[in-house]
Amino acid sequence: MRNFDFSPLYRSAIGFDRLAHLFNEAQRAEATPSYPPYNIELVNEDQYRISMAVAGFDRSEIEIETERDVLKVVGRKAKPETQGTYLHRGIASRDFEHSFRLADHVKVVGARLEHGLLNIELQREIPEAHKPRRILIDGETLRAVNPADQLQAA
């Protein structure tokens with residue numbers, strides 16, 4: 001695997017140290033767990049969906065939590081009272097834990113379990129203060145103009 005040096009980024013960009021730290025962290029990350037398999041889907045510009053194949057897990061055996069910018073999905077399979085005798089065991093029933101790092105302003109808006117798939121719905125909600133705005137120079141006072149307002153006035 002290639003190693004990249006991000007020190008030039010630290011020297012020339014202010015406030016992007018978190019991004020460089022994420023790149024460094026991704027390089028050092030150990031093998032990503034492959035169980036259970038999952039998809040990450042872009043539903044539309046500001047909506048995402050994570051679908052995890054959790055066949056055999058009950059709702060009560062799955063926990064979803066967010067803390068700051070990390071989404072954590074944990075599955076703890078309840079131990080059966082009696083063990084069956086299997087001739088072939090192809091359906092995995094082991095515990096799992098997945099963590100997903102969320103971008104700024106991405107929130108979990110819902111989750112549902114259907115047909116063995118856990119679907120977690122995500123939404124990017126950009127605060128008004130972070131949306132682009134145009135500043136008009138008006139003599140001694142500065143006014144912020146919403147781009148949508150300018151389009152309506154034209």
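Guide: Buried means under 20% relative accessible area, exposed means over 50%, and partly exposed lies in between (1.4 Å probe, protein chains only). This is a predicted model, where local features need pLDDT of at least 70, side-chain atom pairs count only at pLDDT 80 or more, and totals for chains, interfaces and linings use all residues. Residues are numbered from 1 along each chain as its sequence is written, and side-chain values use heavy atoms, with hydrogens and water left out.

Visitor: Why is E41 called partly exposed?

Guide: E41 has a relative accessible area of 36%. That value lies between 20% and 50%, so E41 is partly exposed.

Visitor: What makes R49 and E41 a salt bridge?

Guide: A salt bridge needs a side-chain nitrogen of Lys or Arg within 4 Å of a carboxyl oxygen of Asp or Glu. The closest N and O atoms of R49 and E41 are 3.2 Å apart. The pair therefore meets the rule.

Visitor: How many salt bridges does this rule give?

Guide: The count comes to nine. E41, R49, R112, E114 and E121 are linked in a network of them.

Visitor: What makes R112 and E121 a salt bridge?

Guide: Their closest N and O atoms are 3.0 Å apart. That is within 4 Å, so the pair counts.
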